[in-house]
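Student: Could we go through this model together? I would like to begin with the ligand.

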Amino acid sequence: MIREKKIFEKVGIVMGSQSDWDTMKNAVKILEKLSVPYEVNIVSAHRTPDRLYDYGKSAKRKGIKVIIAGAGGAAHLPGMLASMTYIPVLGVPILSKALSGMDSLLSIAQMPSGIPVGTLAIGDAGACNAGIMAAQILAINNKSIEKKVKNYRIKQTKSVKEKPETYIEK
Ligand code: RP5
């Protein structure tokens, strides 16, 4: 019998500000559902550059396998973290007030060649999908996470009704 190796792996969720938490908690919710270990921190590329550096340089040592970074406006956090580590970084553009998240989206997506950030959708859907994608990445080497992801998808498919509620067929 091949026993699965006990790996102390987790997802690192970071956000530029407390104000991003409402969005980023959607990543936490899905990781909880999929029983994926995670840690959460506020790290601002502009307001706490030393914390950003320390986080990027220590992430691997702490067992972080994927980073989910949410930021809004001049959203440099995901890209700067990606520049400091080989761990894959998933970027979540926060729905900013001034430009409806387009500023966040473009500043996360438009990385120079050589330093990738996997950019998700703006806002809640992006944070949720970043959580699922992080779980899918960990699932490559972890059968129990793979099973959780598969079950989640099966349940989701089953939950979609064929006809809309209150619609009366003629
Ligand atoms: C970014 O600036 C944060 O990611 C946040 O989305 C945005 C605004 O931050 P606050 O002024 O609300 O703290 O760094």
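Student: How far is the polar side-chain atom of Asp20 from an oxygen atom of the ligand?

Tutor: The separation is 2.6 Å, and a polar contact here is a pair of N or O atoms within 3.5 Å. This is a predicted model, in which local features need pLDDT of at least 70 and side-chain atom pairs pLDDT 80 or more, while totals for chains, interfaces and linings use all residues. Side-chain values use heavy atoms, without hydrogens and water, and residues are numbered from 1 along each chain as its sequence is written.

Student: And what about Ser19 and Arg47?

Tutor: An N or O atom in the Ser19 side chain is 2.6 Å from a ligand oxygen. For Arg47, a polar side-chain atom lies 2.7 Å from an oxygen atom of the ligand.

Student: How much of the ligand does the protein cover?

Tutor: The protein covers 65% of the 370 Å² of accessible area that the ligand has on its own, by the Shrake-Rupley method with a 1.4 Å probe.

Student: Which residues surround the ligand?

Tutor: They are Gly16, Ser17, Ser19, Asp20, Arg47, Ala71 and Gly72, each with a heavy atom within 4 Å of the ligand.

Student: New topic: what is the strand order in the sheet?

Tutor: The open sheet has five strands in the order 2-1-3-4-5, with parallel pairing. Strands are DSSP runs of E, at least two residues long, numbered from the N terminus, and two of them pair if DSSP finds at least two bridges between them.

Student: Which are the edge strands?

Tutor: Strand 2 (38-42) and strand 5 (118-119), each pairing on one side only.

Technical notes. Polar contact = N/O pair within 3.5 Å; in protein donor to acceptor, adjacent residues only side chain to side chain. Helix = DSSP H or I, 4+ residues; strand = E, 2+ residues; numbered from the N terminus.
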